[in-house]
Amino acid sequence: GILGAGMMGAGIAHVTAMAGLSVVLLDTELANAEKGKGYAEGLLKKRVSQKRMSRDQADEVLGRIRPSADFADLAGCDLVVEAVFEDRAIKAEVTQKTLAVTGDGIVFASNTSTLPISGLAEASSRPDNFIGLHFFSPVDRMPLVEIIRGRETSDETLAKAIDYVKAIRKTPIVVNDSRGFYTSRVFATYVREGLAMLAEGVTPALLENAGKMAGMPVGPLALADEVSIELMYRIGRQTQEDLGDDYVASPADGLVQHMVEDLGRLGKKAGKGFYDYPGDGPKRLWPGLAAEFPVVAEQPDVEEVKKRVMYIQSVETARCMEEGVVTENRDADVGSIMGWGFPPCRGGVISQIDMVGVEDFVTECDRLAQAHGARFSPPQMLRDMAAKGESFYGQRKAA
């Protein structure tokens with residue numbers, strides 16, 4: 001069963017049906033669920049036109065997706081994946097409606113990208129059967145699934161989740177619960193550092209080109225549009241609400257709020273964000289950016305911009321390692337390359353630290369923290385490694 005037939009839910013339904021599994025695709029209105037099935041149909045038509053599958057094979061896959069607006073149709077499902085809005089109350093409601101039909105013996109997975117799994121599991125009578133399955137968009141093309149283990153998630157539930165991810169031909173990484181988990185938490189630093197520099201008066205074109213020159217698939221502003229500025233805003237509001245006085249403000253917060261509340265520029269899906277999306281041509285940076293975020297006369301060196309957007313990702317990953325959110329170096333590296341397109345030439349977020357050298361990386365991050373803020377300050381784990389001459393993948397240096 002899949003709850004929510006938006007782009008994510010429809011994508012999950014498609015890859016699940018492609019793997020030979022039957023799917024109930026549920027939404028609030030049957031028309032929405034049918035539209036979600038139509039998304040899969042469009043992908044299959046493309047495969048048929050490319051001679052990658054026959055029409056009969058495509059029809060067989062489509063036949064495995066059953067659109068519905070009735071929770072009763074979830075009866076008999078072994079696994080239900082929730083892919084609704086990033087709203088704790090809505091997620092709790094659909095969890096309870098599902099378990100009322102299926103019974104609480106099923107595996108219930110949330111596709112949340114930021115909300116802690118242990119908190120969401122409180123809506124279930126069996127938190128041991130609750131787990132996070134974080135897919136990436138577009139689901140049919142992105143190879144990674146981040147599996148998030150909650151405080152009470154059982155070994156059996158984890159094993160079933162890994163089996164499912166392998167069955168749909170995706171690569172799993174397993175991480176422990178926290179806000180933003182691993183991928184969303186680290187990926188967001190790239191976007192937010194770009195927005196922080198925009199607020200400082202760095203030229204938008206310099207930001208975007210530096211990101212691509214560093215090896216990222218797109219610049220931070222383009223990525224903010226792709227992810228949705230509105231979604232970033234909504235996640236930020238939920239995080240502030242959850243953490244209260246413990247919330248640590250980001251230099252990007254005010255900028256995101258201004259884009260959404262004052263300018264109504266919500267991102268690519270809405271047709272306008274940091275870029276304009278004309279129907280008759282390629283996207284282009286919104287000319288109004290200069291008026292909203294004035295450019296300063298003295299611009300930073302491109303290497304400094306590259307360093308800021310790349311090093312911030314590795315610093316945050318090191319914090320995730322220190323906190324036990326990620327426990328394997330390879331999971332961190334594989335997750336960064338497959339999950340959000342961190343440049344393979346850098347080996348991944350952890351390998352980047354090794355390539356620079358832990359001691360040199362710590363020294364440079366201290367400089368960046370002094371110049372731009374405490375978010376660059378290396379965690380104690382990195383300082384200890386630097387003092388001992390250690391690296392993540394290598395041996396301790398000889399004295």
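Which residue forms a salt bridge with Arg64, and how far apart are the closest N and O atoms? The partner is Glu60, with the closest N and O atoms 3.1 Å apart. The legends below describe close-up views of a predicted model.

View 1. Arg64 pairs with Glu60 at 3.1 Å between the closest N and O atoms. Glu60 has a relative accessible area of 48%, so this residue is partly exposed. Asp73 pairs with Arg66, where the closest N and O atoms lie 3.0 Å apart. Arg66 is likewise described as partly exposed, its relative accessible area being 45%. Side chains of opposite charge can pair when their charged atoms come close.

**View 2. The salt bridge between Arg308 and Glu193.** The N to O distance in this salt bridge is 2.8 Å. Arg308 belongs to helix H13 and Glu193 to helix H7 (residues 183-200), so the bridge ties together parts that are 115 residues apart in sequence. Arg308 counts as buried because its relative accessibility is 3%. Glu193 also counts as buried, with a relative accessibility of 2%. A network of salt bridges with shared partners joins Arg185, Glu316, Arg319 and Glu323.

**View 3. Glu146, a buried acidic side chain without a salt bridge.** Glu146 is part of strand E7, which spans residues 144-149. This residue is buried, yet no salt bridge is formed by Glu146. Arg185 provides the nearest side chain of opposite charge, at 9.6 Å; a salt bridge would need a nitrogen to carboxyl oxygen distance within 4 Å. The side chain of Glu146 instead has other polar partners. One is the backbone nitrogen of Tyr182, reached at 3.1 Å. Another is the side chain of Thr183, joined to that of Glu146 by a polar contact of 2.5 Å. With neighbours within four places in sequence left aside, the contacts of Glu146 include Gly132, Leu133, His134 and Phe136. Ile173, Val175 and Phe181 are also among the contacts of Glu146.

**View 4. The largest nonpolar core and the surroundings of Phe274.** The largest nonpolar core contains 81 residues. Tyr182, Leu195, Phe274 and Leu382 have the most contacts inside this core. Helix H13 (residues 302-323) contributes the largest share, nine residues. Apart from this core lies another, of 31 residues, which includes Ala5, Ile12, Ala13 and Leu44. In soluble globular proteins, nonpolar side chains tend to be buried together.

View 5. Cys320 is in no disulfide, and the nearest cysteine sulfur, that of Cys365, is 14 Å away. Cys320 has a relative accessible area of 0% and is therefore buried. For Cys345, the closest cysteine sulfur also belongs to Cys365; the separation is 18 Å, so the two sulfurs are too far apart for a bond. Cys345 counts as exposed because its relative accessibility is 62%.

View 6. Asn129 is located in the loop that runs between helix H5 (117-120) and strand E6 (130-135). Its relative accessibility is 9%, so Asn129 counts as buried. The side chains of Asn129 and Thr157 are joined by a polar contact of 3.4 Å. When neighbours within four places in sequence are left aside, Asn129 is in contact with Asp104, Gly105, Ile106, Val107, Phe108 and Thr157.

**View 7. Val80 in strand E4.** Strand E4 covers residues 79-82 and includes Val80. Val80 counts as buried because its relative accessibility is 0%. Val80 and Ala109 are 29 residues apart along the chain, and their C-alpha atoms are separated by 6.1 Å. Ala109 is among the contacts of Val80 beyond four places in sequence, as are Gly1, Leu3 and Thr98. Ile106, Val107 and Phe108 are also in contact with Val80.

Terms used:
Residues numbered from 1 in each chain as written. Predicted model: local features only at pLDDT ≥ 70, side-chain atom pairs only at ≥ 80, totals over all residues. Heavy atoms only, no water. Helix = DSSP H or I, 4+ residues; strand = E, 2+ residues; numbered from the N terminus. Buried < 20%, exposed > 50% of the residue type's maximum accessible area, 1.4 Å probe, protein only. Lys, Arg positive; Asp, Glu negative; His and termini not counted. Polar contact = N/O pair within 3.5 Å; in protein donor to acceptor, adjacent residues only side chain to side chain. Contact = heavy atoms within 4.5 Å. Core = buried A, V, L, I, M, F, W, Y, C linked by side-chain atoms within 4.5 Å. Disulfide = S-S within 2.5 Å.
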